[in-house]
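User: Hi! I'm new to this one, could you walk me through it?
Analyst: Happy to, let's look at it together.

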Amino acid sequence: MNLEMQATGDTATARTQTGFIQLLRGHPLVSYFVMAYAISWFYVIVFEIIWPLPDTIVTDVPVLFGPVVAGFVMTAIVAGRAGVKQLLRRLVLWRVSPSWYLLAFVGMPALYLLGLVLVPGAFSSVSLPLGTLLLLPVFFVVLLVTGGPLLEEPGWRGFALPRLQLRWGPLVGTLILGALWAGWHLPQYFTPVFAATNGGFTVPGVAIFLVGAVSFSVIITWAFNHTKASLVIAILIHQCINFSQAILPGAKNNEIGPVFVFALAALIIVLATRGRLGYTQEKGG
């Protein structure tokens, strides 16, 4: 009798597990965003707000596990081992036109600098001694890992963007992703460091951050669609935006100038491509 009950329980558990997997497969985008938000928000709320850990260079790294873990888990569920291999290949897809590397390494910092010109006194606090300049390559690598791009992009652009574009089209899909990308940061506004460097949890601060995230998303999607869905380029563009903000913090809480310039660049891309952002189903899907 006990064996029969155990067998019945095992069968019920297996059915429940199968039903859960089918639910995830049936709603891949919703499942991805719920999973990404849940993992990251749990860490922020528990270990950065309720019981804050000491502020170190790696304290915020677990926050980044949400997008990357959700991206690979959902890829495995939806596309199996072949899908995971494809995602990994796109993470090392570096053979693309040099113009996209120029966009990342030159274009993004140039746009940020142009934006700072619009901020009165922004350059007054910028100081890069020789020792700091020599350490910039090291700082670049450290920020790449701890600052977000390397762990975020396999989820945002690796899993979500192709499916959003396929379902909603490149422009609407990108706008949705940009808004959800911005929303993912919301609990971090209740942490001192993030709030201090992003205008605080105010309507203007959040609005500027949202416009920035959407604008960055348009630029990244445009590059992504022209580079056979290369995550290398997506990571580098994201990283060079973060890096520019980190080494040139002259605007401090006032990101209006840089965000205005990035938003203008995004608008030009949208108009020039008629909202297609270089998308074809073969490249984007």
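What follows is a short chat about this model.

User: Where do we start?
Analyst: This is a predicted model, so to speak of local features we need pLDDT of at least 70, and side-chain atom pairs count only at pLDDT 80 or more, while totals for chains, interfaces and linings use all residues. Residues are numbered from 1 along each chain as its sequence is written, and side-chain values use heavy atoms, leaving out hydrogens and water.

User: What is the mean pLDDT of the protein?
Analyst: The mean is 89, and 87% of the residues reach 70 or more. pLDDT is the predictor's confidence in each residue, from 0 to 100.

User: Which element has the lowest mean pLDDT, and which the highest?
Analyst: Helix 12 (residues 281–284) has the lowest, 53, and helix 7 (residues 170–184) the highest, 98. Where pLDDT is low, the predicted coordinates should not be read in detail.

User: How many helices and strands are there?
Analyst: There are 12 helices and 0 strands. Both are DSSP runs numbered from the N terminus: helices are H or I with at least four residues, strands E with at least two.

User: What share of the residues is buried?
Analyst: Buried residues make up 46% of the 285. Buried means under 20% relative accessible area, exposed over 50%, and partly exposed in between (1.4 Å probe, protein chains only).

User: Is V119 buried or exposed?
Analyst: V119 counts as buried because its relative accessibility is 7%. V119 lies in the loop between helix 4 (98–117) and helix 5. Its C-alpha atom is 8.3 Å from that of E255, 136 residues away along the chain.

User: Switching topic, which residues make the nonpolar surface patch?
Analyst: I45, I49, I50, W51, L186, F190 and F201 make a patch of about 700 Å². Patch members have over 30% relative accessible area and no salt bridge, with nonpolar side chains (Val, Leu, Ile, Met, Phe, Trp, Tyr) joined within 5 Å and like charges within 9 Å. A salt bridge is a side-chain nitrogen of Lys or Arg within 4 Å of a carboxyl oxygen of Asp or Glu.

User: And where is I50 found?
Analyst: I50 is in helix 2 (residues 28–50). I50 is partly exposed, since its relative accessible area is 47%.

User: One more: what is T146 in contact with?
Analyst: Beyond its neighbours within four places in sequence, T146 is in contact with I57, V61 and L64; contact means heavy atoms within 4.5 Å. T146 itself sits in helix 5 (residues 130–146). A polar atom of the T146 side chain lies 2.8 Å from the backbone oxygen of V142.

Key
Accessible areas come from the Shrake-Rupley method with a 1.4 Å probe; for residues, only the protein chains shown count as cover. A polar contact is a pair of N or O atoms within 3.5 Å; within protein, one must be able to donate a hydrogen and the other to accept it, and residues adjacent in sequence count only if both atoms are side-chain atoms.
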